Amino acid sequence: MTSSMTAFARVQVQDDWGSLVWEIRSVNHRYLEPHFRLPEQAREIEPGLREILRRQLNRGKIECSLRLQLAEGAQKLNLNEAVLEDVQSAVNKVETWFINASGVNPLEILRWPGVMENQETNLAPVHAAALKAFEQAITQLINMRQREGAELKQFVLTRLDGISEEVSTIRGVLPELIEAQRQKILDRLEEAKAELDPERLEQEMIILAQKMDVDEELDRLDTHILEVKRTLDKKGGIGRRLDFLMQELNREANTLSSKSINAGLTQSAVNLKVLIEQMREQIQNIE
């Protein structure tokens with residue numbers, strides 16, 4: 001299924017340990033370029049997050065933001081009684097040396113390095129929930145990318161139909177235009193035949209015939225149209241191939257323009273280039 005590279009997803013989880021929120025934004029990019037904003041408690045799961053992205057997505061700049069709020073009591077402070085006893089012993093010794101020494105403020109004791117220590121929180125359930133929620137967010141992101149991709153596919157198909165109509169129009173009028181142009185030139189040459197070398201005249205007619213022959217360009221346009229349609233039905237990343245095909249379509253349209261023999265064909269070539277450019281702009285968003 002054709003996928004866009006532009007999407008947004010948000011997943012929130014609430015549990016006994018607290019809550020977390022994933023927000024993921026995706027925009028078009030030539031390669032897969034993930035960026036993570038994670039709280040310190042979740043840094044160690046970043047490799048797993050990158051692996052999930054690598055398996056699920058092919059292209060796009062992906063901004064992943066995790067907000068984590070642990071419940072009250074999830075992190076507790078403990079007194080290191082051994083250090084506290086050492087500090088108290090030192091305070092008592094100082095007081096024996098200084099008769100006028102005043103009492104020690106308990107808050108100052110608590111700020112002494114090593115007296116207070118954080119109780120190690122079991123983050124395993126938090127990490128597991130974060131990974132699971134991330135996969136859900138990626139699934140949500142992919143679904144949105146596919147919905148937008150379906151719209152982009154229809155946009156491209158509509159423009160392809162427009163190109164096919166222009167090609168059909170050119171094929172229909174081309175024989176008559178070529179014949180009219182040939183006769184016009186023959187009439188002019190007839191008036192000046194006394195002044196022209198017959199061999200040179202034959203060469204000029206051959207060059208003119210080659211210039212007016214656009215059958216190959218029209219055939220290649222038809223071939224590229226079919227290839228774009230086949231590519232749109234493929235799975236996986238197709239954006240780069242579609243971009244290449246747009247270049248090929250544009251090349252044929254330019255050649256048609258250079259071989260134009262009247263204003264009608266010139267306008268058809270311009271119409272083709274407009275349709276191709278419209279497709280090219282939208283294809284930049286296809287994965």
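Predicted model: local features only at pLDDT ≥ 70, side-chain atom pairs only at ≥ 80, totals over all residues.
Phenylalanine 134 is buried, because its relative accessibility is 0% and anything under 20% counts as buried.

Phenylalanine 134 has a partner. With phenylalanine 36 it forms a tilted aromatic pair. Phenylalanine 36 lies in strand S3 (residues 32-37), while phenylalanine 134 lies in helix H4 (residues 124-191), so the pair ties together parts that are 98 residues apart in sequence. Phenylalanine 36 is buried too, at a relative accessible area of 12%. The count of aromatic pairs comes to two.

The charged end of arginine 159 sits over the ring of phenylalanine 155, 3.7 Å from the ring's centre.

Now step back to the whole chain. It has eight helices and six strands. Their order along the sequence is β-β-β-α-β-β-α-α-β-α-α-α-α-α. Take contacts between residues at least 6 apart in sequence: 79% of them join residues at least 24 apart. Of the 287 residues, 34% count as buried. The accessible surface is about 17,700 Å², and 50% of that belongs to carbon and sulfur atoms.

Finally, look at helix H1 (residues 46-56). Its buried residues are Glu46, Leu49, Ile52 and Leu53. They cover an arc of only 120° around the axis, so they sit on the same side of H1. An α-helix has 3.6 residues a turn, so residues three or four places apart point the same way. The face of H1 turned away from the buried side carries exposed Pro47 and Arg54.

Note on methods: Residues numbered from 1 in each chain as written. Heavy atoms only, no water. Helix = DSSP H or I, 4+ residues; strand = E, 2+ residues; numbered from the N terminus. Buried < 20%, exposed > 50% of the residue type's maximum accessible area, 1.4 Å probe, protein only. Contact = heavy atoms within 4.5 Å. Areas by Shrake-Rupley, 256 points an atom, 1.4 Å probe, with all protein chains shown as cover. Arc of directions from axis to C-beta. Phe/Tyr/Trp six-rings, centres within 6.5 Å; stacked < 30°, edge-to-face > 60°. Lys NZ or Arg CZ within 6 Å of the ring centre and 35° of its normal.
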